[in-house]
Amino acid sequence: MFRFEDPVYLWLLWVIPVLALIRLIGWRQRIKKLRKFGDPNLLKDLMPDVSKYRPTVKFWLMQVALALLIVMIARPQTGSKISHEKRHGIETMICLDISNSMKCEDVIPSRLDKSKLLVENMVDHFTNDRIGLIVFAGDAFVQLPITSDYVSAKMFLQNIDPSLIATQGTDIGHAIQLAMNSFTQQDKVGKAIIVITDGEDHEGGAVEAAKAAKKKGINVFILGVGSSKGAPIPDGNGGYMKDRNGQTVLTHLNEQMCQQLAQAGSGKYIHVDNTSSAQEQLNDALTKLQQGETQSVIYSEYDEQFQAFGILVILLLILEICILESKNPLLKNVKLFKKK
């Protein structure tokens, strides 16, 4: 297994494209200034020692060296020792609605942000349990396979945004089907599917999927987020989404459908509002599920790999120094950076 001890430093990699853009702008300005002096072919003959490719090669060598340096300070590590741990807990698959209606702010700070906070708090209460994450709108896909790595679960949770799925809608049925196939094959372990949604634009098939989960001994809990009174959806530009007729779109919590799904899935419906009652009800419901023995494979020891990246950085810097920006008179017949 490969990981970074300090992954926060990887954000510095954004400096690479920024520097490339700055160089591109500078190169274009240089071309414009040279054209003011005269014909480009004539200028080329007047500057026989100027290389067209060497500065670019030197620049990208420095870029690669900088990228490797950033990766090095993030402390890359590889797992060197595997241990098998037996735990007693439950397995939970979270199905999180990320359709545009979840951006509604009738729940503070928004339906989606409130849902993410709820899941994060739930993970904080887990000790020996497993968790997986599915995001859905008009389509659904597994964001995080079921795992006992709570750090990764929180990391994936933070990156969830409605832009992950372009197809709009609320295909709860597909999400539940996907969740059913994501559990391990271990018996005598309590398994739960937690669907967090506002239930709007429901596409059908969800009740049948919840009943199928019930037959497999999987409890389906439905967390309805928002208000049934309706509220506008922010468009990200300070206004609200409008329909084709120019009217502001209102999104309503489909509470009746959520209750039907919970009943079909032998679970519980919980309304999520601005209080903490939903969190307490969910934690209480999960503690009642049967805890079984699960086996987890984890890496207990990691070896540092920054040395290899450091060696590559040094080699690239040496190579960059050895390449001169101007042509070497002693090697003028060697066309290293020119096509034949």
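Lys-32 counts as exposed because its relative accessibility is 58%, where exposed means over 50% relative accessible area, buried means under 20%, and partly exposed lies in between (1.4 Å probe, protein chains only). This is a predicted model, in which local features need pLDDT of at least 70 and side-chain atom pairs count only at pLDDT 80 or more, while totals for chains, interfaces and linings use all residues. Residues are numbered from 1 along each chain as its sequence is written, and side-chain values use heavy atoms, with hydrogens and water left out.

**The surface**

Lys-32 belongs to helix H1, which covers residues 15-37; helices (H or I, at least four residues) and strands (E, at least two) are DSSP runs numbered from the N terminus. Together with Arg-28, Lys-33 and Lys-36, Lys-32 forms a positive surface patch. Patches are made of residues with over 30% relative accessible area and no salt bridge, with like charges joined within 9 Å and nonpolar side chains (Val, Leu, Ile, Met, Phe, Trp, Tyr) within 5 Å. Lys and Arg count as positive and Asp and Glu as negative, whereas His and the chain ends are not counted, and the place of a charge is taken as NZ of Lys, CZ of Arg, CG of Asp or CD of Glu.

A nonpolar patch on the surface is made by Val-8, Tyr-9, Trp-11, Leu-12, Trp-14, Leu-69 and Ile-73, which together have about 760 Å² of accessible area, a value that comes from the Shrake-Rupley method with a 1.4 Å probe, only the protein chains shown counting as cover for residues. Leu-12 sits in the loop between strand E1 (2-4) and H1, and Leu-12 is partly exposed, with a relative accessible area of 43%.

**The interior**

Which residues have the most contacts inside the largest nonpolar core? They are Met-122, Ile-194 and Leu-286, in a core of 35 residues; a nonpolar core is a set of buried Ala, Val, Leu, Ile, Met, Phe, Trp, Tyr and Cys residues joined through side-chain atoms within 4.5 Å. Among the elements that give two or more residues to this core are strand E3 (91-97), helix H4 (111-125) and helix H9 (277-287), and H4 gives the most, with five residues.

**Salt bridges**

The structure holds six salt bridges, each being a side-chain nitrogen of Lys or Arg within 4 Å of a carboxyl oxygen of Asp or Glu. The table gives some of them.

| Salt bridge | Closest N and O atoms |
|---|---|
| Arg-111 and Asp-106 | 2.7 Å |
| Arg-111 and Asp-198 | 2.9 Å |

Lys-58 in helix H3 (residues 54-73) and Glu-320 in helix H10 (residues 306-322) are 262 residues apart, and the pair links distant parts of the chain; both residues are buried. Arg-111 counts as buried because its relative accessibility is 0%, and Asp-198 is buried as well. Asp-198 lies in the loop between E6 and helix H7 (206-215) and Arg-111 in helix H4, so this pair ties together parts that are 87 residues apart in sequence. Through shared partners, salt bridges join Asp-106, Arg-111 and Asp-198 into one network.

**The backbone**

In the loop between E3 and H4 lies Pro-109, and the peptide bond from Ile-108 to Pro-109 is cis, with omega near 0°. Arg-75, a residue other than glycine, has a positive phi near 60° and lies in the loop between H3 and strand E2 (76-89).
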